[in-house]
Amino acid sequence: MRRKTLFDAAGIQRSLGRLALEIAERLQGCKDLALVGIHRRGVPLAKRIAQKLHEVEGVHVPVGSLDINLYRDDFSSVGTAPVLLGTQVDFDIEGRTVVLVDDVLFTGRTVRSALDALLDLGRPARVQLAVLVDRGHRELPIQADYVGLSLNTRREDHVELRLKETDAEDGLILETPTPAPGKKTERRGK
Amino acid sequence: MSFSHKDLLGIADLNADEITYILDTAEKMAEVSHRPMKKVPALRGKLVVNLFFETSTRTRSSFEIAEKRLSADTLNFSASASAVQKGESLADTVLNIDRMQPDCYVMRHASPGSCHLIKRLTPAAVVNAGDGAHEHPTQALLDAMTIRQRKGSFKGLQVLICGDIAHSRVVRSNVHLLNKVGAKVTVCGPATLIPPHFESLGVRVTSDFEKALQGKDVVMMLRIQLERQQRGLFPSLLEYYKTFGLTEQRLKLANKEAIVMHPGPMNRGVEIASEVADGPYSVILDQVENGVAVRMAVLYLLLGGGEDEASH
């Protein structure tokens with residue numbers, strides 16, 4: 001197993017700063033904007049982006065959190081039991097532009113569940129997606145509107161975002177299993 | 001967290017961590033009931049059969065609402081309108097329904113251990129909604145959720161349960177639960193309504209209600225079934241009220257912040273005075289509300305679940 005650090009704490013903050021600028025630019029300011037983070041690591045990321053938006057635009061953007069466990073399509077009766085972290089969206093999403101925030105975009109199934117969970121809470125004017133990393137290998141037709149880092153990965157790689165709020169330190173790490181000798185591995189982009 | 005149960009037959013089968021896990025899950029489930037659109041797809045395509053061989057309003061509606069909020073399909077089976085009336089046995093009833101591929105049975109039955117019986121007949125999950133005077137696990141869980149919301153934790157909490165201890169499944173499940181999480185339980189009632197050797201469950205037993213109230217943080221009153229009086233277990237309802245009824249005056253003997261609970265249905269003026277039932281320290285309606293969240297949590301953990309880590 002090889003571990004490579006792609007971003008340190010400063011790298012993550014720079015990337016989030018750029019995401020915030022892109023959101024503000026694309027939406028021409030932050031009118032009727034709301035950020036909704038997907039548990040777990042999307043929630044602190046959404047809060048950090050809101051903080052950046054406050055710094056550059058001087059606005060307070062409401063932030064909510066979404067627990068998608070009750071909307072998943074991969075139930076099984078075995079395996080570790082789920083820990084519900086709860087959905088908390090204390091503002092009306094009706095008519096707003098909601099930017100969903102998650103750490104890593106991979107198969108797209110989490111985002112599919114998040115869309116269902118979000119739309120059960122009301123009818124936003126539009127929904128967009130911001131992710132810190134897009135690592136490809138989609139299983140559903142889902143794309144992000146704002147991407148911090150596009151990464152070529154193999155399916156068996158592991159991309160791990162660690163955040164101070166949840167993991168004591170900031171860091172974006174790529175873990176690559178060492179291939180068996182002579183075995184060719186497929187490498188795909190997003 | 002690992003939670004590897006297929007059934008919930010009694011609190012006796014759970015440990016303290018599992019109880020906390022169910023309560024934590026229930027706290028998060030509660031939010032769903034406060035949305036304009038009160039439904040999540042967690043149990044879509046699952047069939048839950050509600051088998052009620054004894055009458056029940058609260059528990060049955062609470063389970064049914066929980067099932068519907070989780071998008072499960074429900075089949076309501078009541079003994080009075082079924083082949084049981086024609087003499088079909090419990091085992092045959094279950095074996096027949098089982099061929100219609102249910103995922104879960106929620107059962108109330110007058111016989112203790114009846115849920116253990118059907119567990120052996122079906123691969124589906126079994127949730128005990130009350131079996132005789134044995135256990136009523138979701139009631140104890142919703143009581144615990146209510147206590148935790150008001151008191152923060154259970155450690156060292158003084159709990160008094162008063163009423164018909166002998167015929168109550170609620171008290172047994174509550175004693176198991178409260179002992180496991182570190183509360184101290186006292187049970188109280190007329191000696192004729194307390195089974196012998198009840199102390200062996202790890203509780204204090206007394207018939208002196210006023211003395212028992214002193215220093216209590218939680219006072220849980222149980223329903224007195226009126227037919228018990230006809231069987232001569234206590235002289236009259238008025239005398240019961242005078243000795244064991246929870247009045248405002250008596251409640252002052254308990255701790256200042258004490259809460260009052262009742263699993264319902266209440267007999268006002270028998271085990272509890274109206275002013276107490278409707279008073280500021282009463283959490284009786286919170287218990288009803290928490291019932292839906294707890295049952296959603298139990299059904300979700302037994303039938304839904306899934307992986308802890310998202311696949312992104």
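Colleague: Which strands form the open sheet in chain A, and in what order?

Modeller: This is a predicted model. In it, five strands form the open sheet of chain A, in the order E3-E2-E4-E5-E6. The pairing is parallel.

Colleague: What makes E3 and E6 of chain A the edge strands?

Modeller: Strand E3 (63–66) and strand E6 (146–150) each pair on one side only. Neighbouring strands of the sheet are turned by 25 degrees against each other on average, direction ignored.

Colleague: How do you know that E4(A) and E5(A) pair?

Modeller: Pairing needs at least two bridges. Eight bridges join E4 (residues 97–105) to E5 (residues 126–134) in chain A, and the two strands run parallel. One example: A:Val99 has A:Gln128 in E5(A) as its bridge partner.

Colleague: Which helices of chain A touch E2, E3, E4 and E5?

Modeller: Helix H2 (residues 42–57) packs on the sheet and touches these strands, its direction making about 155 degrees with that of E2(A). Helix H3 (residues 109–119) lies across E2, E3, E4 and E5 of chain A, at about 155 degrees to E4(A).

Colleague: Why is A:Gln13 called partly exposed?

Modeller: A:Gln13 has 14 other C-beta atoms within 10 Å. Buried takes 20 or more, exposed 12 or fewer. The count of 14 falls in between, so A:Gln13 is partly exposed. This residue sits in helix H1 (residues 9–26) of chain A. A:Gln13 and A:Arg48 are 35 residues apart in sequence, yet 8.4 Å apart in space, C-alpha to C-alpha.

Colleague: Now chain B. How do you know that the length of H1(B) agrees with its residue count?

Modeller: H1(B) has 14 residues (16–29), and at 1.5 Å a residue these should span 20 Å. The end C-alpha atoms are 20 Å apart, which agrees.

Colleague: What do the buried residues of H1(B) pack against?

Modeller: They pack against helices H5 (137–151), H6 (169–180) and H12 (284–304) of chain B. Among the buried residues are B:Ile19, B:Tyr21, B:Ile22 and B:Leu23.

Colleague: Why are H1(B) and H5(B) called roughly perpendicular?

Modeller: Their axes cross at roughly 70 degrees and come within 10 Å. The range for roughly perpendicular is 65 to 115 degrees, so the label holds.

Colleague: Which residues of H1(B) and H5(B) meet?

Modeller: B:Ile19, B:Ile22, B:Leu23 and B:Ala26 of H1(B) meet B:Leu141, B:Ala144, B:Met145 and B:Arg148 of H5(B). By class, that contact has seven nonpolar, no polar and one charged residues.

How values were computed. Residues are numbered from 1 along each chain as its sequence is written. Chains are lettered from A and ligands numbered from 1 in the order in which they are written. This is a predicted model: local features need pLDDT of at least 70, side-chain atom pairs count only at pLDDT 80 or more; totals for chains, interfaces and linings use all residues. Helices (H or I, at least four residues) and strands (E, at least two) are DSSP runs, numbered from the N terminus. The expected span of a helix is 1.5 Å times one less than its number of residues. Two residues are in contact if their C-beta atoms, placed from the backbone, lie within 7 Å. Axes are lines fitted to C-alpha atoms, for helices over the stretch in contact, and angles run from 0 to 180 degrees between N-to-C directions. Angles under 35 degrees count as roughly parallel, over 145 as roughly antiparallel, 65 to 115 as roughly perpendicular and the rest as oblique. Ala, Val, Leu, Ile, Met, Phe, Trp, Tyr, Cys and Pro count as nonpolar, Asp, Glu, Lys and Arg as charged, and the others, Gly among them, as polar.
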